[in-house]
Structure formats: structure tokens, C-alpha cells
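Please examine the sequence and the three-dimensional model shown below. The paragraphs that follow lead through the model one region at a time.

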Amino acid sequence: MEKFDVCVIGAGPGGYVAAIRAGQSGLKTALVEKEFFGGTCLNVGCIPTKTLIAGAEVLSTARRAAEFGVEISGEIRPDWKKMLARKDEVIGKLRNGIAGLEKAAGVTVFSGRGEFLNRRQLVVAAGEDAGTVIEASKFIIATGSEPLVPGFIPQGERVLTSTELLSLPKLPKSLLILGGGVIGCEFACLFAALGTEVTVVEMLPQILPATDSECAGLLARRMESEGIRLLNGKPLSDIKCTARGVSGKVGDETLRAEYLLVSIGRRPVTAGLNLTAAGVKTSERGFIEVDENFLTSAPGIYAIGDAVGKIMLAHWASAAAEAAVSHICGKPVHFAGTLTPGCIFTSPEIGTVGLSEEQCKAQNIAYNVGKFPFAALGKAMAMGETEGFVKILADAATDQVLGVHIIGPHATDLIAEAVPAMLLECTARELGRAIHAHPTLGEAMMEAAHAVHGECAHIPTRKRR
């Protein structure tokens, strides 16, 4: 038996950060991981997806080179095998980086699957190994999530989750996507850019159902202009899978494709942990129940990240890790989880934080809107990326910024400015007073803030009284 102050289960973006911070805080720390450092995000999620998307963006830019006065001769086409090789190279470098950080923090790493024996002991087994028993004063469960595949979906080599799609040996000629959420839309844009015929089926009336409707609507129009077929408001039924492809019905129409991507949600990875022995309670859907400090029902046991089913994003998990370790060290901090930015790597990108117009209306909050189009921005024109806008919502009474929604070039980077501004309860007028460098895309944030009060100089606006 080995004894530790803290034992972290899972080395994803929540777990590996928790272990590093615990080690840096002087706690004797163990980290248990059954597969690879980085979890879903690094290995089969955020990083590989964005690496492939980066390749598709280079391809798109190369095809538009003549617009910028650059001539490229010869055929411009994707090399899928090289794209996959680059993806694996990026993953490998980041895995090694995490390993180095854990070592520098003095963290002891155990490879294998963890199972609670009781509230203070965990056995880690790998292969035929009898297992090592770890005893710890505190545990942090960070085991993440996995794609949800309902029972009505047939099994077969042509039915994929995001995990398998990232490693297909060759580009598919056609792809049917079930689910028009973030994952479905990102993959739709990626594969359409690489030449795949893509159809997305979303049962709800709009794609990206939880996103600002104006942003979702603009993205839908752009996706359709790129040849992506969007079928909203009806379910995909009568799904069949053969060795040659897949099929399904939307209404009376039969759809066929080489592959079906199932992207309709995720479920927690908690099976095999023996949470009952530890006294850890879960919800009906299997997510671990926690309080505001990420403590579970079992004293001394914390849970963070996707396993708790709140905001299933890597950066939320990492922030939760910091908060949990601070609480363990007796230095609790305010966790600003409600101001977690959402980043959608479609084409164009979407970045969002805070309340949407739909939410303001549902909560009977009076608000003002300021919007600035990238088409009126010099830097966007120079880049040839003028589609989209920055939208700012401010409380009508106090002018406090309630939400920021961006669709357009580098939206996932630009949204970062809004988070600290909202955390500091900044007003739209204060945000507009902050001088932004010219010419930059960031100017759109300043201009949108001015537009809240009808004081934007670069678009026609009527000053509010």
C-alpha cells in the first residue's frame, strides 16, 4: 500500500491540472490514468479535431490565394494520411509535455484502472497485475465522459462516434451526421471543406440549439452555401447499417452515406470505479453529484469535469481542478463557472459567453443590444474574412454586460476579452472606452460596445436617449 495526501483519478484536462496544482501546493500526490495523458480532449477530442480543422483552413486559404494576388500552380488537394500523421505528432508532443509537468510537480503516476475499495482506498490494476492499493486523505475523480450511442442505433463499422471518425484510414465520399450540436457542426464543416458530401440531421428546429439564434442562423446559411445539407426539425429513423454504408429516413426521404456519425451527447465514464463502496452518489443519468466546492456525498472525495455533467468543456474542467485543489488546501476561491466561454470551431467560428437574447427574454431582463459587423472592419477586409459580427447585450438599467456573442474570424480567440470584463462586472460604456489597437479584429468588440449606446462611429447608428 502506498499513502498520499491526494489521489487524482483520470489525467484529462481536469485531472492532470488537479494533480499538478496539488503537487505544486506541497501535497504528496498520485495520478491514476488507464490510457493516455490528456484524456478525451487531447487524444480524441479538442486537439486532434482542431489540428485537422487547421489543415482544412490552410487548404481553403490556398484555394483562395488568387484573391490575395498570390498564384499557386498545380492541383490543390488534401492529403488525409499526412493530416492524420500531423495530428498524431501534435498529440504526442502534448502528451510528453504533460508527463514532464507531472514529473516537475513531484506527482507519482500510476498506469491502470482505478476502483474504490472504500472511502480512503483505491486499487489500481493494469492487465494481469494484482493491483496496487493507494490510500489517500483526499480523492479527486476526473474520469471524463464518452460519446453516447443510444440503443436504437445499429452497431457496425460504418456507424462511428467522434473517436473513430478521427482515425478513418481515408476520407469518406459521403457522411451522414446525426446531431447538429457543436461536435456535429464542427465535423460537418471540416469534412465538407475536404470534399466530403455531408448531411446533418438535427431533431430540433435549429442547429446549435443552445447558441444565440442569430449566430446559429448565420452559420446554417454559410454551411448550406458550402454544400452541407441541413435537415432540421425531424428525427432520423429506420437507421440501417451494412458493410457498404448506412441509411436512414427523415420523413419520407431515405438518406444514404458511406458513414454515419452519431453526435447526440455524452455520458460519464464512471463504470468500474465502484462508487458505491466509496459512498459517492450519482444522478439518474450517472453523473456524480457535487456541491459548490466540488465535494461529493462522500467526505474527502471531490469530482470535477465531464463526470459531474455540468459544463462539459475542457477549460471548465481545468478551472474546476484549480478550485477543488484550493479547497483541499483550505483556501477556497469563488468559482466563476457561469462565465465559461463556449467556443465552436466551425467555419466561421463562434465564441459566446453569458446570456443570449432568448435567455434575457425568458428571464424578463430588459437589455440593450450593440452589434458590429466584421464587414465594416479594416483588418477583416484585409484578411478577406468579413462574414459575421460581434454582439453585446447590456442590462438596460445598469449597462452591465450580460452576454457577448461572436461569429466570424477568430471568434474563439476574441471571446476571451469578454470573460474578464464580465467577471469584473464591466459596463458596455466602460468596455467601449478601453482603447483597442488598430487595425485588429479586437476593434469589433469596442465598436459593438459603442453601438449599445448608438455611439459607434463606423456604422450608421441612432443615439439612444
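Which residues of H1 are buried? They are Gly15, Val17, Ala18, Ala19, Ile20, Ala22 and Gly23, where buried means under 20% relative accessible area, exposed means over 50%, and partly exposed lies in between (1.4 Å probe, protein chains only). The structure is a predicted model, in which local features need pLDDT of at least 70 and side-chain atom pairs count only at pLDDT 80 or more, while totals for chains, interfaces and linings use all residues. Residues are numbered from 1 along each chain as its sequence is written, and side-chain values use heavy atoms, with hydrogens and water left out.

Helix H1 spans residues 15–24 and is mostly covered, since 7 of its 10 residues are buried. Helices (H or I, at least four residues) and strands (E, at least two) are DSSP runs, numbered from the N terminus. The buried residues of H1 pack against strand S1 (2–9), strand S2 (29–33), helix H4 (80–104), strand S6 (132–141) and H9; contact here means heavy atoms within 4.5 Å. After H1 comes glycine 26, with a positive phi near 90°.

The next topic is the nonpolar interior. In soluble globular proteins, nonpolar side chains tend to be buried together. A nonpolar core is a set of buried Ala, Val, Leu, Ile, Met, Phe, Trp, Tyr and Cys residues joined through side-chain atoms within 4.5 Å. In this model the largest such core has 52 residues, and those with the most contacts inside it are Phe116, Ile140, Ile141, Phe294 and Ile304. Helix H9 (residues 314–328) supplies the largest share of this core, 7 residues. A second, separate core has 39 residues, including Leu165, Leu190, Cys215 and Ala216.

Two residues illustrate contacts across the sequence. Leaving aside neighbours within four places in sequence, isoleucine 140 is in contact with Val6, Cys7, Val8, Ile9, Ala18, Tyr302, Ile304, Val325 and Ile328. Alanine 323 is located in helix H9 and is buried, with a relative accessible area of 9%. With neighbours within four places in sequence again left aside, alanine 323 touches Phe294, Val333 and Phe335. Between alanine 323 and phenylalanine 335 there are 12 residues in sequence and 6.5 Å in space, C-alpha to C-alpha.

Charged side chains come next. Side chains of opposite charge can pair when their charged atoms come close. A salt bridge is a side-chain nitrogen of Lys or Arg within 4 Å of a carboxyl oxygen of Asp or Glu, and the structure holds 17 of them. One joins glutamate 186 to lysine 50, at 2.9 Å from N to O. Glutamate 186 lies in helix H6 (residues 182–193) and lysine 50 in helix H3 (residues 46–63), so this pair ties together parts that are 136 residues apart in sequence. Glutamate 186 is buried at 5% relative accessible area, whereas lysine 50 is partly exposed at 22%.

How do the two helices of this pair meet? H3 and H6 pack at an angle of about 40°, with their axes 9 Å apart. Axes are lines fitted to C-alpha atoms, for helices over the stretch in contact, and angles run from 0 to 180 degrees between N-to-C directions. H3 and H6 are therefore oblique to each other, as angles under 35 degrees count as roughly parallel, over 145 as roughly antiparallel, 65 to 115 as roughly perpendicular and the rest as oblique. Among the residues of H3 that meet H6 are Lys50, Leu52 and Ile53, and Glu186 and Phe187 are among those on the H6 side.

Another salt bridge links arginine 222 and glutamate 387, at 2.4 Å from N to O. Arginine 222 belongs to helix H7 (residues 213–225) and glutamate 387 to the loop between helix H11 (378–383) and strand S21 (389–395), so parts 165 residues apart in sequence are tied together. Arginine 222 counts as buried at 19% relative accessibility, while glutamate 387 is partly exposed at 32%.

Finally, the backbone deserves attention. Most residues other than glycine have a negative phi, and most peptide bonds are trans. The peptide bond from serine 347 to proline 348 is cis, with omega near 5°. Aspartate 399, in the loop between S21 and strand S22 (401–408), has a positive phi near 70°.
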